[in-house]
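Visitor: Could we look at this structure together? I would like to start with one residue.
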Amino acid sequence: MVGLLTAAAGALWPEVAPVLRSLGIAHPTDLVRGLGSLVLLGGAAALSVEAVHSGGRRRIGLGLVAAGAGVLAAGTLAVQTSHPSAAAIITTTGPTTLQAVGIAAMVAGVIALPSNLDWSWIAIIDVGLATTAALSALWLAPVRGGSGPEGGLLDVARREPTAIVLVALMVVGVALVVRVVQDRRPGDLTLAAAVLILPSALYTAVVGQNLALTAPSLRSAVMWWLVGPPILVLAGWQMSRARRAAPGDARPRSEAAGGASREDVGAEMTDDELRARRAEWVFVIAMLLTLASVATQRLFLDTLDPVLLLLGLVAVIASAGRLALLQREQTDLQQQLGSIAEELRVRARTDELTGLGNRLALVEEVDRVLLSGARDVHAFYIDIDDFKTVNDALGHEVGDQLLVRTAEHLTAAFGPRTFRLGGDEFVALAVDATCADAAERARRAVAAATEPVDIGGVAVTARLSIGVSHATVDVDGTPSDSPEELLRMADLALNRAKELGRCRVATFDTWLQERVDRRLMVQHGLHRAVELDEFEVSYRPEVDLATGEVLGAEALLRWETPDHHLLHPAEYLGIAADSGLVPAISRSGLRRATAPWASADPPTVPLSINLTRPELLHGGLLDDLEEIAGSIPRSALRLQIPEAAFMDPATRLTIDQLVRAGYGICVRDFGTASSSIRRLSWLPDPAIRIDRSFVSGLAQRRSDRAVVSTIVEVGAALGVRITADGVTRPGQVSMLRELGVTRGQGWLFGRPVPWPELIRRTDRSGSGSALRWQPPTAPLTTEVVT
């Protein structure tokens, strides 16, 4: 808007000046000089404020521009006071020394501003094209005044040598505009435009200094002098607004330290794409101006000035060279991008630590091999046994070196088709090998890995477990299994190798997949069972082998799977633990098992509840017991824990909490694990249940009778209550009584049944008893055990 208004004032100056004279203003140009000078002083003040709030080179640059503007304004006002008859904004003898110093200081200030522009050949050519356009415009003198020619650049230079300085300053200003256009901050481009416009005002004034006020040159001088100072004020306002909008320090870049930075939020400064677009505008505009100058002279004059024609040729040649450079840079860039793409492709498929292919490379290789026509493909899924122990004990650096050594060993054993999936997992492929050869190769790799390797003076062993899977390719090229299925089968075989004791080879078999499918089915069924509370509790009696009296009831939690199989907790709680369902299942079992004992008419016999290792590991067991069975006397409740879980260090904390809370502990499946008599004697009311495997062999194996006899002797010495599990025949009862066992459980006394059915069986009014070969036992009373 400022430019349009002042341009209109300059164009209408011949009509405006007589009107001003009629109003009593003898020298209208004094008004132009004074108004422009005052506005210029305002711009100098605004830039001075921004210089104070800046730092480094930017402070110096803005300070020089502000000082130069002030000097230029003072020099122009001096022209008004000392040469009242001067034409336009200069004296009749040309620009004054103050004006020249002011212009030079402003240009020097713009040069001092920091810039991140990379002066490549493209940028240099753009500056050259802009300079050519400026020289072409200055050289052009198509308009002739009525009182004589205004003259071209050489005519003006001969008449007024100071014009050469102004021309040089304008050419420098053009170069600065090119730089600022490609790499700028708020207000910088406006500042550069103002610094370019002000010398133009002086130059056009020099061109028309001996002409009338109606001359086009003087019109231009008036217009430029009215346009330049407001634009300088506008630059100061833009900088001030950007500073106030920025939070905190007004110097967001490292300019405070004397240099420029690419880390500011002004993303346009560091955006190569935007910078390239700005450079293209500079190139296009410079070309159009140069060629337009040549065409204008040819249009207005019948001949072409040789210098102007030479400038046009230079512009065309420079443009052609610029395009050639761009083409070469584009070709180089395409080659670099191709190299980078290939490097990224290799990196994306390579394990950084070992140099082997990674999972992506493995999937691509398996797919390629299966489609290449190979008849047999074997996959070896490899895992380092106890690698976490090595990492924890010796550190990750030793662990990484062990992985590198293992990768070398596997590459030697299986060839280049060896990959690392991550962690301590590797996969190798064998093509066109028989099943026997593949298995033998895997066994040799496992055997070789048992030898320790020296890592930093430490002997480390990387024992391997390997799972092997096999895929065939039909004559029509159709593989029997997909790459994903081949690797999944090898993974299942690896899991089987670990189950069998590690440091071995296992080959995939279909039953492994069936087991996984069943596990998945059980897992899904458990979620539904927990949601609908589908668990059932049955009870079986604990009987006095001498009298047949029912001494207690054991609660057994059962769940019927979707395929109608009845599972014991030991069969599904491991799966439930992986799904996070153990707490919910345990609470459901506790509520159902303790319901008769928590009623208003509880039984007199104690209740035994089976606990499993997953239940002991889930941290909230004691809280669940207190919430659900807290009203039941401790003497009426006994917790049965498997011997293996009883001796597991991981369950020690929970068992200690249960003992301190007063719950009785019975160690079941006694004799099947390495038990500690000292740990057993530590219980306040110890009890054990001899495993059914010893009871079933009493009549056939003397060793089983010796084991039971020893358990009874030790138990009697420690005051341990002993129960025999798995009693199925009357003869076993007699043998157990001879060995000193007084309590028993088993199918001889009845299968597990719901609580009402157990009451009916043990009722004297019924047709039988818990022990059919003995008199009926007394019915269960409803007195509370204390």
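Predicted model: local features only at pLDDT ≥ 70, side-chain atom pairs only at ≥ 80, totals over all residues.

Visitor: Which residue does E365 form a salt bridge with?
Guide: Its partner is R368, and the closest N and O atoms are 2.7 Å apart. Both residues lie in helix α14, three residues apart, about one turn of the helix.

Visitor: And R368, what is its relative accessible area?
Guide: The value for R368 is 43%, which means that it is partly exposed.

Visitor: How many salt bridges does the structure hold?
Guide: It holds 31 salt bridges. One of them joins D624 to R587, with the closest N and O atoms 3.7 Å apart. D624 lies in helix α23 and R587 in helix α21, so this pair ties together parts that are 37 residues apart in sequence.

Visitor: Is D624 buried or exposed?
Guide: D624 is buried, with a relative accessible area of 7%, whereas R587 counts as partly exposed at 29%.

Visitor: Back to α23. At what angle does it pack with α25?
Guide: The angle is about 30°, and the axes of the two helices are 9 Å apart. That makes α23 roughly parallel to α25, because angles under 35 degrees count as such.

Visitor: Which residues of the two helices meet?
Guide: L621, L622 and L625 in α23 meet T654, Q657 and L658 in α25. Of the contact residues, four are nonpolar, two are polar and none is charged.

Visitor: New topic: how many residues are in the largest nonpolar core?
Guide: That core has 68 residues, and L658 is among those that touch the most other members.

Notes:
Residues numbered from 1 in each chain as written. Heavy atoms only, no water. Axes fitted to C-alpha atoms, helices over the stretch in contact; angles between N-to-C directions. Helix = DSSP H or I, 4+ residues; strand = E, 2+ residues; numbered from the N terminus. Parallel < 35°, antiparallel > 145°, perpendicular 65-115°, else oblique. Contact = heavy atoms within 4.5 Å. Nonpolar A, V, L, I, M, F, W, Y, C, P; charged D, E, K, R; others polar. Core = buried A, V, L, I, M, F, W, Y, C linked by side-chain atoms within 4.5 Å. Buried < 20%, exposed > 50% of the residue type's maximum accessible area, 1.4 Å probe, protein only. Salt bridge = Lys/Arg side-chain N within 4 Å of Asp/Glu carboxyl O.
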